[in-house]
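I opened the model to look up how its parts are packed. My entries follow in the order in which I made them.

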Amino acid sequence: MNESNESNGSSGAEASARPAAWTPPGPEALRVGFIGAGRLARALSLALLAAGIPVVRVASRARASSETLAATLPVCQAGDLPDVARDCDLVFLTTPDALISEVASAAPWHAGQAVVHCSGATPVALLQPAAAAGALIGGFHPMQAFGGDPEAALASLPGCTVAIDAEPPLDALLHTLARRLGCVGLRLPPQARVRYHASGGYASQHVHALLAEAVRLWQSWGATEQQALDALLPLLRGTLESVSRSGLAAGMPGPVSRGDAGTVRLHRQALQAVDPDMRDLYDRLCHRGVALARQAGRLDAAGAERLEQILNAAPDR
């Protein structure tokens, strides 16, 4: 982070004279700042702007990134860490997770402000240096993947869930902000934060890995990645629509859900010939699929046993 020795504008005596309790202003009166100017900061700052909530300061290790972001926001200025800490009522830390503790320890926080990180898995306790200086601390994590296109990232925010971790009165403010952004605020149970974040990996990161496996199969007969994606993405979109309409178990397609043991056997043979590790991953996923199909009542005990026998057998060559 680009740091300076600039004063935060208050003496130690003035800081100690501030009341310990602080009631955050309403959303429109907030002066919001960002430390970190990446994809999440771009999407969140544009969403706040659209909701009538001013972003006034942004800082980043790469000064060019903060200047680029500030240029898209009418009253925002790029600055350094002390500038954001001095001038903002609410500061979002949108740095990489590994830098959160460093930033929390380096900035000159003060009472009368809130410091909130946007990490899914990082404990809010890492912001303790800000709390020790009198600031309120919390977490605000949108369950969404943000690409490089700011407008597309902005469009992806409404409807997404935001995990909020804060004590009163900050929790109420963060839930209000989530609603203003068109999001759904979620208060997680204690100790559930990392499990919540890992669940997002299954719905986002691991989908990329599974599609990469599917693309490898297309490439095995000479097709290109683009040809594979042109065929597979409509299938993926249809699958998501089915999940939305029918739920996970009832909406599951494919040979496992039908108890089609012969097709599963053929799949295993073909995958074994391409890559035994790919076949092993297929087996593991099919085992999970058998349980889902049973849950939906689409597969009886005998059908499930036939599938399990095939999946547990050594692959045919």
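**Entry 1**

I started with Phe-34 and left aside its neighbours within four places in sequence. Phe-34 is in contact with Ala-41, Leu-44, Ser-45, Leu-48, Val-55, Arg-57, Val-58, Ala-59, Val-84, Phe-92 and Thr-94, where contact means heavy atoms within 4.5 Å. I noted that this is a predicted model, in which local features need pLDDT of at least 70 and side-chain atom pairs count only at pLDDT 80 or more, while totals for chains, interfaces and linings use all residues. Residues are numbered from 1 along each chain as its sequence is written, and side-chain values use heavy atoms, with hydrogens and water left out.

Next I looked up the nonpolar cores. A nonpolar core is a set of buried Ala, Val, Leu, Ile, Met, Phe, Trp, Tyr and Cys residues joined through side-chain atoms within 4.5 Å. Buried means under 20% relative accessible area, exposed over 50%, and partly exposed in between (1.4 Å probe, protein chains only). Which members of the largest nonpolar core touch the most other members? They are Val-32, Phe-34, Leu-48, Phe-92, Phe-140 and Leu-177, out of 42 residues. Helix α2 (residues 39–50) gives the most to this core, namely seven residues. Helices (H or I, at least four residues) and strands (E, at least two) are DSSP runs, numbered from the N terminus. I also found a second, separate core of 20 residues, with Leu-81, Val-91, Ile-100 and Ala-130 among them.

**Entry 1: the aromatic rings**

A pair of aromatic rings is described by the distance of the centres and the angle of the planes. Rings of Phe, Tyr and Trp (its six-membered ring) pair if their centres lie within 6.5 Å; planes under 30 degrees apart count as stacked, over 60 as edge-to-face and the rest as tilted. By this rule I have three aromatic pairs. The pair of Phe-92 and Phe-140 is tilted, at 5.6 Å centre to centre and 55° between the planes. Phe-92 lies in strand β4 (residues 90–93) and Phe-140 in strand β6 (residues 136–142), so the pair ties together parts that are 48 residues apart in sequence. Both Phe-92 and Phe-140 are buried. Ring pairs link Phe-34, Phe-92 and Phe-140 into a cluster.

**Entry 2: the strands**

Two strands pair if DSSP finds at least two bridges between them. Strand β1 (residues 32–35) pairs with β4 in the parallel sense over four bridges, and Phe-34 stands opposite Phe-92 in β4. β4 also runs parallel to strand β5 (residues 114–117), joined by four bridges. The bridge partner of Leu-90 in β5 is Ala-114.

β6 pairs with strand β7 (residues 161–166) in the antiparallel sense over five bridges. I noted Ala-163 in β7 as the bridge partner of His-141. β7 and strand β8 (residues 184–187) pair in the parallel sense over four bridges, with Ile-164 opposite Arg-187 in β8.

Which residues of helix α3 (residues 63–71) are buried? I found Ser-66, Leu-69 and Ala-70. Seen down the axis of α3, these buried residues fall within an arc of 100°, so they line one face of the helix; the arc is that of the directions from the helix axis to the C-beta atoms. They pack against α2, β2 (55–59) and β3. The face turned away from the buried side of α3 carries the exposed residues Ala-64, Thr-68 and Ala-71.

Asp-80 lies in the loop between β3 (77–79) and α4 (81–87). Is Asp-80 buried or exposed? I noted it as buried, because its relative accessible area is 13%. The side chain of Asp-80 makes a polar contact with the side chain of Arg-63 (3.4 Å). A polar contact is a pair of N or O atoms within 3.5 Å; within protein, one must be able to donate a hydrogen and the other to accept it, and residues adjacent in sequence count only if both atoms are side-chain atoms.

**Entry 3: Met-143**

Met-143 is in the loop between β6 and α7 (150–155). Met-143 counts as partly exposed, because its relative accessibility is 28%. Not counting residues up to four places away in sequence, Met-143 touches Cys-160, Thr-161, Tyr-196, Ser-199 and Gly-200.
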